Each structure stands twice: as structure tokens, then as C-alpha cells.
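Work through the exercises below with the sequence and the 3D view side by side. Each task is followed by a solution in steps.

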Amino acid sequence: MSITTRAAVVESGGAPFVLSDVELAEPAPTEALVRLVAAGLCHTDLGVASGGLPFPLPGVLGHEGAGVVEAVGSAVTGIEPGDHVVLSFTSCGGCRNCRDGHPAYCVAWLPLNLLGGRRADGTATISRDGTELGGHFFGQSSFAERALVDQRSLVKVDPDVPLESIAPLGCGVQTGVGAVWNVLKPGTGSTVLVLGAGAVGLSAVMAAALTPATRIIAVDRVGERLALAKELGATDTINAGEADLGEAVARITDGQGADGVVETTGSVAVLRQGVDALAQRGTLVVVGAPPFGTEVALDVNGLLPGKRVVGLTLGDAETQTFIPALVELVKAGRLPVDRLISTYPFADIDQAVRDMGAGKTIKPVLTFG
């Protein structure tokens, strides 16, 4: 028997989110039915909604869900009705990268999460008036009051932590934190440079503040975000609208450059500046995603002093261990994600989209009453 729920549907590329009654399919043995309590809004959702990626529309997006499990399929283990869960990306679980603890690099990641709009077997999870819709977005499609969630997207979390405060852990926060902890791994006395003080960049700042790095530099064009970065652990800030990035980094680091750089803006010009600002043997992590096919020009000789440029998906995190650890840090007040969040009733999703686009909010989180 199908389940009727209310969802935010994008009818076509560039169209607004419209609340509509939809039907969820019968849960598969490897799925759970989750009642959403909160869902973060991410730039990836906006990119797909704009038509920038070939996701099947009309469809239901949302990939930073958090809620309460209502039912589980016969093959789901470790999760029971009543459990509080954060929803993250899904993966096949059987390829080499999944088995090695790197599910963000699953060989089937793109069709399972971003492009397919269906389960791995090709069946749809959401329909409306008998017509199938694009769904299964990141194994969840959490812009809905209820969602069918793939078991590999489910992460059981401490029920004492408010779900509104940890919904962004499923994507944006784990991406920024993972860039620092899983890739840069700052050593004692090192310098971390974070390009862009949005949700991902500020998460990277908070993560760097929990490492032995002694200098954390945040870069943005919005003064209020730079001030917040200072409060979250940045030792230095650069307003890119007022100062030359390379000169400012050289001044702060006594000409040595940054040992690690997190590039979150998606601008190839900023990416190039970040590479140029690296110290010898430094590493830049590419997090921001420009349109497919975008290329960047680099000075090859400039890379020879041991500089590395590394691409990153979702923090290269193994979600079942990484997200619960982040929840514990949130609970202890050591990862103040709440400083990034503005909440909106689910019905106000379009206002949240507008505010995010205008830079009025860093991380909108939709709440379901």
C-alpha cells in the first residue's frame, strides 16, 4: 500500500518548489520510512532545481534530512522504529571503494545519488497521480514530510540532540570538516586557508580549530561572515573585496604560504589563487563545484615544489562513524553548527531559497511541524 505525503516538487528546471501531495512506493526490504523533522537546504539542491544537472524533473530533492524512523524493511539491520536518524548519501556497499571505507567514491555514486532519480533497480520511489517523479535523491529525497530512505543513507544518532541542529551534518558540515580532518590533516603549527565562508567553509574553520593548526585564515567578501569565522576559530580573515589574496596570505604567513587550503567557492579564479598561495608541499582540497566541464589553468612549474590539488566528495567520510562523532561534538558545544543555521517552516521553502541566494542566511534548515 502506498503512503501519501506532502513534498516540495520542482516541476522543471528553474521552476520554484511547490508543495504537493505525492505517493511513496512500498518500502523495499533495504529501505526505511522516515518522518522528517528537519532538512537542510544546500547549493546542490538549488543547482539541480535550476536545471543545471540532468536529474529527472518533476522531482523531489533534499539531501540533508533528519527525522524519526517509522518503519523498516525486512533486510534493514541496526535501525528500528523510533530511532533518530541523520540522512546522508547512499552507496552500493560492494565496490572496492565502499569496502575500503570510502563510500563517497562509490563507483555507482552519481546514478545512486545525483542523476538517476530512481533506485538502483530502476524503480521509482515517488509518484503523483499515477505518474512517476524523480526521487531517491541521495537515497532520501528529504524535502517531504515522509521519505523512503535507503539503508546506507541512514545514520542512527543520539536522540538527546535536537534534529534541527544536526540535519546539515549529512552533507555540508561533513564536507567541510572532512576536507580538514580526512585530507589536510593539519600538523602542529601548520596554516589552514579556507576560501569562502559559507556553510562548508565555516565548517572547515570549526574543524581546523580542533586540530594542532596554529593559524586559520578565512577568506570571503562579506564582512559579517568573516566576523563569524573569527568567533568560530579563525585566527585571521581576509576580505577578498578589499585586499589581494596572494599578498595578504604572504603577509600573514611571512611569505611561506598556506600548508592546506580548502576551496569552497566553485570559482576557478579563486581556485587558481589558492594554488598559488600554497606553501611548498602544501595541499589544496577542491570542494566547490562549478558547472560540469569547467577547466582551470595552473602554472605547472608552480606545482613542482610538491604542491598537491585534491578533489573531494562529501568529506571522504564513512558516515556510520563520522556523523555520530560530529553529533557528539555538537552536543558538547565543540562544533557549534547552530551558529550557521536559520530555521524556516517547510511551507516557506521558497523564502529559504531566496534568502540563501541573497546571502541572508548561511544554512537554511526546513522544519516540519
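Contact here means heavy atoms within 4.5 Å. The model is predicted.

**Exercise 1. Find the surroundings of Thr175, and decide whether this residue is buried or exposed.**

Step 1. Locate the residue: Thr175 belongs to helix 4, which covers residues 172–184.

Step 2. List its contacts, leaving out residues up to four places away in sequence: Thr175 touches Val200, Val287, Leu312, Leu314 and Gly315.

Step 3. Apply the cut-off: buried means under 20% relative accessible area. Thr175 has 7% relative accessibility, so this residue counts as buried.

**Exercise 2. Describe the largest nonpolar core and state which element supplies the largest share of this core.**

Step 1. Start with the number of residues: the largest nonpolar core has 54. Phe17, Val34, Leu61, Phe143 and Leu154 have the most contacts inside this core.

Step 2. Look for the elements behind it. Those that each supply at least two residues of the core include strand 1 (3–10), strand 2 (17–24), helix 3 (109–115) and helix 11 (349–357). The largest share, five residues, comes from strand 3.

Step 3. Take one member in detail. Not counting residues up to four places away in sequence, Leu154 touches Ala32, Val34, Ile79, Val85, Val86, Leu87, Val149 and Gln320.

Step 4. Turn to the other core: a second, separate one of 53 residues includes Val194, Ala197, Ala218 and Val337.

**Exercise 3. Work out the strand order of the open sheet of six strands, and say which helices pack on this sheet.**

Step 1. Read the order, which is 13-12-11-14-15-16, with parallel pairing.

Step 2. Identify the edges. Strand 13 (236–239) and strand 16 each have a single partner strand, so one side of each is left without a neighbour in the sheet.

Step 3. Examine one pair. Strand 11 (residues 191–195) and strand 14 (residues 258–263) run parallel and are joined by four bridges. Leu195 stands opposite Glu263 in strand 14.

Step 4. Place the helices. Helix 5 (residues 199–208) packs on the sheet and touches strand 11, strand 12 (215–220) and strand 14. The direction of helix 5 makes about 165 degrees with that of strand 11. Helix 8 (residues 268–276) also packs on the sheet, touching strand 11, strand 14, strand 15 and strand 16. The direction of helix 8 makes about 150 degrees with that of strand 15.

**Exercise 4. Find two residues that have a positive phi although neither is a glycine, and a peptide bond that is cis.**

Step 1. Check Arg281 in strand 15 (residues 278–286). Its phi is about 65 degrees, and Arg281 counts as exposed at 70% relative accessibility.

Step 2. Check Asp316, in the loop between strand 16 (308–311) and helix 10 (319–331). The phi of Asp316 is about 50 degrees, and Asp316 is buried, with a relative accessible area of 16%.

Step 3. Turn to the bond from Leu57 to Pro58, which is cis, with omega near 5 degrees. Pro58 is found in the loop between helix 1 and strand 4 (59–60).

How values were computed
Residues are numbered from 1 along each chain as its sequence is written. This is a predicted model: local features need pLDDT of at least 70, side-chain atom pairs count only at pLDDT 80 or more; totals for chains, interfaces and linings use all residues. Side-chain values use heavy atoms; hydrogens and water are left out. A nonpolar core is a set of buried Ala, Val, Leu, Ile, Met, Phe, Trp, Tyr and Cys residues joined through side-chain atoms within 4.5 Å. Buried means under 20% relative accessible area, exposed over 50%, partly exposed in between (1.4 Å probe, protein chains only). Two strands pair if DSSP finds at least two bridges between them. Axes are lines fitted to C-alpha atoms, for helices over the stretch in contact, and angles run from 0 to 180 degrees between N-to-C directions.
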